[in-house]
Each structure stands twice: as C-alpha cells, then as structure tokens.
Amino acid sequence: MSDFKNQPLTIKKRGEDGNKIISVRIREDILNNLDKIANSAHYSRNELINIILEHGVENIVIE
C-alpha cells in the first residue's frame, strides 16, 4: 500500500470523457425490457443503451 502513498490521483473532469448527458422519452414497456436484458447480461442500463445505439447507428439503412 505504501507504494501508492506519494502517487497523485488523477481524475477527469465530468463532461470531458467524450460523453454527453441527454434526456429521452421512452415507452415504459421498452424500458422494462431493457432493464430485464441489462440485468440478465450483467450490464447497466446505460451500457446496454449505448451498445444498442452504437450498433443501430453503424448498421442503419435508410431507403
């Protein structure tokens, strides 16, 4: 433990991690399903939503 005694603790300021906080409206049934999936996969709701959004944005087809 004493090896870390004189080491500085470096943290990033909130909002400087490349993420932005937004507010969205979502149907209750979808939110319930997201929570069930997140719990069974051991992800947070936020992590799961980001995974789904990233996949959707990368794979969307507009006709």
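Reader: How many helices and how many strands are there in the protein?

Author: This is a predicted model. The protein has 2 helices and 0 strands. The radius of gyration is 18 Å, well over the 11 Å that the globule rule gives for 63 residues, so the protein is more spread out than a compact globule.

Reader: What does the C-alpha trace span along its principal axes?

Author: The spans are about 55 × 30 × 20 Å.

Reader: What share of the residues is buried?

Author: Buried residues account for 5% of the 63 in the protein. The exposed surface comes to about 6800 Å², and 54% of that area is supplied by carbon and sulfur atoms.

Reader: Next, pockets. What is the volume of the largest pocket?

Author: The general idea is that rolling a probe the size of a water molecule over the atoms shows where empty space is left. In this model, the largest pocket has a volume of about 730 Å³. Its lining is made of 17 residues, and those closest to the centre are Lys20, Ile22, Asn46, Ile49 and Asn50.

Reader: Which helix gives the most to the lining of the largest pocket?

Author: Helix α2 does, with 6 residues. Both α1 (28-41) and α2 (45-59) supply at least two residues each.

Reader: How many residues of the lining are nonpolar, polar and charged?

Author: Sorted by class, the lining of the largest pocket holds 9 nonpolar, 4 polar and 4 charged residues.

Reader: Now charge pairs. How many salt bridges does the count come to?

Author: Side chains of opposite charge can pair when their charged atoms come close. Here the cut-off is a side-chain nitrogen of Lys or Arg within 4 Å of a carboxyl oxygen of Asp or Glu. By this rule there are 2 salt bridges. In one of them, arginine 45 pairs with aspartate 35, with the closest N and O atoms 2.8 Å apart. Arginine 45 lies in helix α2 and aspartate 35 in helix α1, so this pair ties together parts that are 10 residues apart in sequence.

Reader: Where does the side chain of arginine 27 meet its partner, and which residue is that?

Author: The partner is aspartate 29, and the two side chains meet in a salt bridge at 3.1 Å, N to O.

Reader: Arginine 27: buried or exposed?

Author: Over 50% relative accessible area counts as exposed, and under 20% as buried. Arginine 27 has 54% relative accessibility, so it counts as exposed. Aspartate 29 is partly exposed at 40%. In the other pair, arginine 45 is partly exposed, with 39%, and aspartate 35 is partly exposed, with 23%.

Definitions and conventions: Residues numbered from 1 in each chain as written. Predicted model: local features only at pLDDT ≥ 70, side-chain atom pairs only at ≥ 80, totals over all residues. Heavy atoms only, no water. 1 Å grid on protein atoms, 1.4 Å probe; cavity = no way out; pocket = protein on both sides within 12 Å on 5 of 7 lines; lining within 4 Å. Points joined across faces, edges and corners; volume = space filled by probe spheres on them. Helix = DSSP H or I, 4+ residues; strand = E, 2+ residues; numbered from the N terminus. Nonpolar A, V, L, I, M, F, W, Y, C, P; charged D, E, K, R; others polar. Rg over C-alpha atoms; globule rule 2.2 N^0.38 Å. Buried < 20%, exposed > 50% of the residue type's maximum accessible area, 1.4 Å probe, protein only. Areas by Shrake-Rupley, 256 points an atom, 1.4 Å probe, with all protein chains shown as cover.
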